[in-house]
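Hi,

Here is the structure I said I would pass on.

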Amino acid sequence: MRSPASQPLLKAALWDMDGTIVDTERYWIEAEHALVAAHGGEWSHEKAMQLVGQSLVFSAGILQEAGVELEVREIIDTLTGHVVSLVRESVPWRPGARELLDELHTAGVRCALVTMSEAPLAREIVASLPKPYFEFLVTGDTVTQGKPHPEAYLKAVQLLQQHDPELDHRHCVALEDSAPGVAAAVASGVVTVAIPHIVPLPDDPRRATWDTLAGRTVADLEELVTLRHADAGSWNLELERSGSGGRLD
């Protein structure tokens with residue numbers, strides 16, 4: 001048995017899904033365009049960008065403003081069904097995501113999915129992976145407040161603590177691509193890595209930023225957690241100096 005001093009600092013990776021593991025944002029945008037058009041409205045790229053990373057309830061409200069005459073629940077079900085049908089035809093994996101998931105699994109680092117997509121789509125993506133990488137899923141239909149609120153990440157940490165009471169947010173890394181997702185992760189206190197994809201992210205010294213997950217390893221994530229534990233006050237300075245820790249935006 002390991003002594004407390006030798007316990008690994010990185011205990012869990014909390015993964016966003018859309019835009020981080022899979023490039024489904026374009027599927028969502030297609031679904032939005034189709035739904036608005038079916039109700040005689042017009043949907044622009046700019047409006048679609050406002051919904052990236054947001055909760056489906058928020059998105060449904062914006063679509064209602066664009067002329068979609070359906071209840072929120074009907075909008076969510078229609079969008080989700082459209083995206084699920086496209087995923088069943090082809091899962092658009094993001095570079096490096098499956099490789100990093102597999103390395104984390106091999107290293108014994110627990111993984112959880114933290115997504116604003118609802119369970120039907122999340123289960124579809126997870127079922128497409130070659131191994132049971134995720135211990136559990138926190139989906140948009142299991143929280144009362146979606147990203148950018150930190151509830152989903154706080155819930156994930158609490159679920160992880162059920163099997164490891166000594167784990168806390170400092171032992172966890174979140175991987176996110178969108179501004180709402182990054183904001184939620186940072187607000188929860190977990191070490192946060194942004195991998196911008198569809199929408200550029202504003203400057204924020206509280207996170208690390210990687211251009212891609214391709215080539216990234218468990219050691220890179222461990223280094224970020226180690227830096228956070230070593231001296232939270234020098235977190236930003238050390239990230240800038242670290243070759244494997246990425247850069248700050």
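Predicted model: local features only at pLDDT ≥ 70, side-chain atom pairs only at ≥ 80, totals over all residues.

The largest pocket is lined by P8, L10, K11, A107, G108, V109, R110, D164 and E222. The pocket holds about 160 Å³ of space. By class, its lining has four nonpolar, one polar and four charged residues. One of the lining residues, R110, is also the bridge partner of A12 in β2, which brings me to the sheet.

The sheet

It's an open sheet of six strands, in the order β3-β2-β1-β4-β5-β6, and the pairing is parallel. β3 and β6 (208-209) are the edge strands, each pairing on one side only.

Going along it from the β3 side:

- β3 (residues 136-138) runs parallel to β2, and three bridges join them. L113 has L137 as its bridge partner in β3.
- β2 pairs with β1 (residues 12-15) in the parallel sense, over four bridges.
- β1 is joined to β4 by four bridges, again parallel. Here A13 has V173 as its bridge partner in β4.
- β4 and β5 run parallel too, with four bridges between them. V173 stands opposite V191 in β5.
- β5 (residues 191-194) and β6 pair in the parallel sense over two bridges, and the partner of V193 in β6 is A208.

There are two crossovers worth a look in the viewer. β2, helix α6 (residues 119-127) and β3 make a right-handed β-α-β unit. β4, helix α8 (residues 179-188) and β5 make another right-handed one.

How many of the residues of strand β2 are buried? Five of the five (residues 110-114), so β2 is largely enclosed by the rest of the structure. R110, A112 and V114 point one way from the strand, C111 and L113 point the other way, and all are buried.

V191 and V225 are 34 residues apart in sequence, yet their C-alpha atoms are 6.6 Å apart in space.

Cysteines

A disulfide is a covalent bond between the sulfur atoms of two cysteines. I searched the whole structure and found zero of them. Two cysteines to look at are C111 and C172. C111 is buried at a relative accessible area of 3%, and C172 is buried at 0%. Both values fall under the 20% cut-off for buried.

The largest cavity has a volume of about 220 Å³. Its lining comes to 21 residues, with D18, E25, L51, G53 and Q54 lying nearest the centre. The elements that give two or more residues to this lining are α1 (25-38) and α3 (56-65), and α1 gives the most, with four. By class, the lining divides into eight nonpolar, seven polar and six charged residues.

The second largest cavity has a volume of about 40 Å³. G19, T20, R94, P95, I195, T212 and L213 line it. That makes three nonpolar, three polar and one charged.

A cis peptide

Most residues other than glycine have a negative phi, and most peptide bonds are trans. Where is the cis bond listed here? It joins K147 and P148, with omega at about 15 degrees. P148 is found in the loop between β3 and α7 (151-161).

That's what I have for now.

Cheers

Methods:
Residues numbered from 1 in each chain as written. Heavy atoms only, no water. 1 Å grid on protein atoms, 1.4 Å probe; cavity = no way out; pocket = protein on both sides within 12 Å on 5 of 7 lines; lining within 4 Å. Points joined across faces, edges and corners; volume = space filled by probe spheres on them. Nonpolar A, V, L, I, M, F, W, Y, C, P; charged D, E, K, R; others polar. Disulfide = S-S within 2.5 Å. Buried < 20%, exposed > 50% of the residue type's maximum accessible area, 1.4 Å probe, protein only. Pairing = 2+ DSSP bridges. Right-handed = clockwise from strand over helix to strand, strands pointing away.
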